[in-house]
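Thanks for coming, everyone. Let's take a quick walk through the salt bridges of one structure. Please look at the screen.

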Amino acid sequence: MPVIQPRNKVLVTGANRFLAAWVVRDLLEHGYSVRGAVRSVEKGEHLKSYFADYSSKLEIIVVEDITEGGAFDEAVKGIDAIAHVASPLTVGWMRAEDLMNPAIKGTVGLLQSALKYGQSIKRIVYTSTAGTVSRETHEITVPTVFTEKDWNTRALEIFKEQGDKTPVLTTYRASKVLAEQDPWGKVTIFHRGTLCLTVWDMLWIRQPVIHDVTDPSSLKTSMRWFYDYVVDPVKSADAGNDFLPKTGLPWVDVRDLAAAHRLAPEKQEAGSEQILISGPWAAWQAFIDVANALEPTPRLARPLPKGNPGSSHPAMHKYDATKSERILGLKYRSMVEMTRDTLSDFSARGW
C-alpha cells in the first residue's frame, strides 16, 4: 500500500484548532506541504501569521460547513494524504446534532470527496477518541485495559435513551463510535487500491497551545480543564480535594499525537490499522504534584494549587498503546516534560 514522504502535500481539516495546528506544524517541520481547511478566512489568518516562515508550503482553504455534500471536493484535489482532525467538542452543553452531524456527515463526506476527486491520495488518517473503545468512566469498577478491539457501545445506548439530555462527553463518544464504525465498515466502498483509512484513538491532550487563543477562558476542553484544575488556584480549590485525586484519564502530549499523524501515512504497516495513542492514566492531583515539584518554579500570574499532595488514586483503566510503539516507533514524552513546557507557555502569555 503506497506511503507518503516529505515534499508531498497533506490536507489537514480543522487546521486552526488545538491538535490540528500541531499536526500542521509537525508536517511543515518535516518537509511536507500542507493545505489547511478552516471554516472562514478569518480563522486562517492566525495560521498564516504563525507559520509565516513556511508561507511557500502552507495553503489555506475555506470549507464553511463540513456537513454539506461536496464540501471537500476542492480541498482534496492534488493532495497526497489527509489528516481528518475536524470534529467539535467544547466545555459546556452542546446540542447532540452539533456533535453528531460533523462527526458522521463530515467524515463520510470527506471520504466521498476523496474517492471522487482525490486521484493522488495514498493515505487518510482519521482522528477519533479513546472514548470509542472504553466505557463510561463511572461504570469502570475494576482495573481494565482497553485495546483497539473494544467498542464503547454503552455510549450509544445512553445516547439513544437520553437524546439531547445526554452528557456532552458521552454524546461526543457516541458520535465518534458512529463515525468510526460507519466509514470503517464501508472501507471496501471507498477503497481504490491506494486509498486506505487509518483510525486514531486519542485521549486527553496536553501541551502548549499554538492555535489562536487570547486568555485562559478561550482554551478548549482538555487544555481548559488542565488550566482550571492544575493552574487556577480558585477553580482547583472549588473542585475539591475529593475530586482531584480520584478524577483523571490517560493523557498524551499533543506533540506525540501530532507526530503520529505524520508517521501513520509514512509507515507501510500502518495502512488500514486502528492505533491507540496513549500515555498513562493520571489524576489531576498527580499533575498538580508534578507542577509544584518543577525546578525552577514556573513564574505564573498566581500561585499554583496544592490540593492534597500525594493523594492520587491508582488507575482504574488504561489503554494498550503497544501497537503505536511497534508500528510507528512512537516514543512518548513524560508528564514532567509536558507539564513543564505547558506551564512555560502559560507563563510567557502572562497567565
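**Salt bridges, pair by pair**

Start in helix α7, residues 221-231: Asp-228 and Arg-224 sit 4 residues apart there, so about one helical turn separates them. This is a predicted model, so keep that in mind throughout. The side chains of Asp-228 and Arg-224 form a salt bridge, at 3.4 Å from N to O. Are these two residues buried or exposed? Both Asp-228 and Arg-224 are buried. For that label, the relative accessible area has to be under 20%.

Now go to helix α1, residues 18-29. Glu-29 and Arg-25 are 4 residues apart in this helix, which means about one helical turn lies between them. Their side chains meet in a salt bridge too, at 3.0 Å from N to O.

Third pair. Glu-337 and Arg-333 are joined by a salt bridge between their side chains, at 3.5 Å from N to O. Glu-337 is partly exposed, at 26% relative accessibility. Arg-333 is also partly exposed, at 28%.

Next, a network. Which residues does it hold? Asp-253, Arg-255, Arg-340 and Asp-341 are joined into one network, through salt bridges that share partners.

Why do such pairs form at all? Side chains of opposite charge can pair when their charged atoms come close.

Last item, the total. How many salt bridges are there? The count comes to 19. That's my tour.

Methods:
Residues numbered from 1 in each chain as written. Predicted model: local features only at pLDDT ≥ 70, side-chain atom pairs only at ≥ 80, totals over all residues. Heavy atoms only, no water. Salt bridge = Lys/Arg side-chain N within 4 Å of Asp/Glu carboxyl O. Helix = DSSP H or I, 4+ residues; strand = E, 2+ residues; numbered from the N terminus. Buried < 20%, exposed > 50% of the residue type's maximum accessible area, 1.4 Å probe, protein only.
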